[in-house]
Amino acid sequence: TEQTTKRMAWVVQVYAVRDNQDRAAFAELFGYFAPRVKSFLMKSGASPDLAEECTQEVMATLWNKAHMFDPTKASVSTWIFTIARNRKIDILRKQRRPEPEDLPWGPEAEPDQADAIGLQQETEQLGQALATLPEEQRKLIERAYFGELTHSQIAAETGLPLGTIKSRIRLALDRLRHAMK
Amino acid sequence: MMNDMTKIKHHLTEPLLMGYAAGTLPEAFNLVVATHISMCDDCRAALAEYEAVGGEVMMDTAPVDVAEDALAATLALIDSGKFADKPAPRRTKDSVFPGPLQDYVTGDIDSLKWRKVGGGVSQLVLKTSKDASVRLLRIPAGTAVPDHGHRGTELTLVLQGAFTDEEDRFGAGDVEVANEDLNHTPVAEEGMDCICLAATDAPLRFNGLVPRIAQRFIGI
Ligand SMILES: [Zn+2]
Ligand SMILES: [Zn+2]
């Protein structure tokens, strides 16, 4: 689909950054993702100035870690999200950030193209499924990711008991999985 | 990898995976999650799904204008070369402590500064942010941790050996998630000291009088 083509184009742009330090490709990625990273950081509680600074660091990290990107494991959007999430913990929450060990490198030097396309398609379906969730469920998921509120704060604000919030988030996630099958 | 040697039966819960993916957990919990994932490919795959959801949530937010010179400033930051992220942690060969834990402890089991907490059990509190706490526990083979309840959430990840409580048996790589409704007495299996990584976001509640007094001193 058109959307998957767009996602594969991002993959190619990350490769161009990795292989040729291609500034035009980087500018394309920057133009699309930086405003969304900044939005995510502001929704996560950063002031506009801090979010701006943090966004530039996230995009610089993308450049520096381009060699780590594997399109069979993550879509570019997922990968940039994890970089932004990590920066949020470093800067906004000022905590150390334990990370899992990397998987040992497999024998294949270059990721398989068909696997990469498959993963980009799945992520695209996930995005579409998220967009079609009932408004209330989608909002709960968003708020859980922004961390703007803890589950118990959402409970206090919506007047729903904690168990209900948890089961609605769960329901939304089940629906997402189902929509992707 | 640990997976070849042991079969992990008890995994992280969905709220924990989602919280790790979102970056909203206390540091102490993040450490337990990252350590378990270093031992468990199932939870690694599940985390990747939650991160993909996070990516799509981010993509779905209304874009916010960045500064006019943002791209130039970012390229300057890149050119300055001063901006490098740290590499993912690695495990020293043969260590009981997976990579993420090795950033918090130096040395191996016998060289750590364990402090006795009674009943033969020793602990080592790790330094993290204050919203939750995490410690290594060393429970001698055949020994019980005093019967206790929980005020918040307690995560116990087995690194070596095994323990059994009212719920089940927990071996290397298994994580027990205990909430307010669980009262338990974990007993380490015979044969080998049980080493656990345990995180709590509220003090434990010991049921016997003596442990309750001890609690004031050991701080759990
Ligand atoms: Zn697991
Ligand atoms: Zn317990």
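A:Arg97 is buried, at 8% relative accessibility; buried here means under 20% relative accessible area, exposed over 50% and partly exposed in between, with a 1.4 Å probe and protein chains only. Its partner in a salt bridge is the side chain of A:Glu99, at 3.3 Å from N to O. By salt bridge I mean a side-chain nitrogen of Lys or Arg within 4 Å of a carboxyl oxygen of Asp or Glu. A:Glu99 is likewise buried, with a relative accessible area of 15%.

Please note that this is a predicted model, in which local features need pLDDT of at least 70 and side-chain atom pairs count only at pLDDT 80 or more, while totals for chains, interfaces and linings use all residues. Side-chain values use heavy atoms, without hydrogens and water.

A:Arg97 and A:Glu99 belong to a network of salt bridges that also links A:Glu57, A:Arg87 and A:Asp90. Within it, the side chains of A:Arg87 and A:Asp90 meet at 3.2 Å, N to O. These two are separated by about one helical turn, because they lie three residues apart in helix α4 (residues 76-92) of chain A. Helices are DSSP runs of H or I with at least four residues, numbered from the N terminus. A:Arg87 is buried, at 15%, whereas A:Asp90 is partly exposed, at 23%.

I turn now to a pair between chains. B:Asp60 forms a salt bridge with A:Arg138, with the closest N and O atoms 3.6 Å apart. The pair joins helix α3 (residues 41-60) of chain B to helix α6 (residues 135-146) of chain A. B:Asp60 is partly exposed, at 37%, and A:Arg138 is buried, at 14%.

Over all chains, the structure holds 20 salt bridges.

Methods. Residues are numbered from 1 along each chain as its sequence is written. Chains are lettered from A and ligands numbered from 1 in the order in which they are written.
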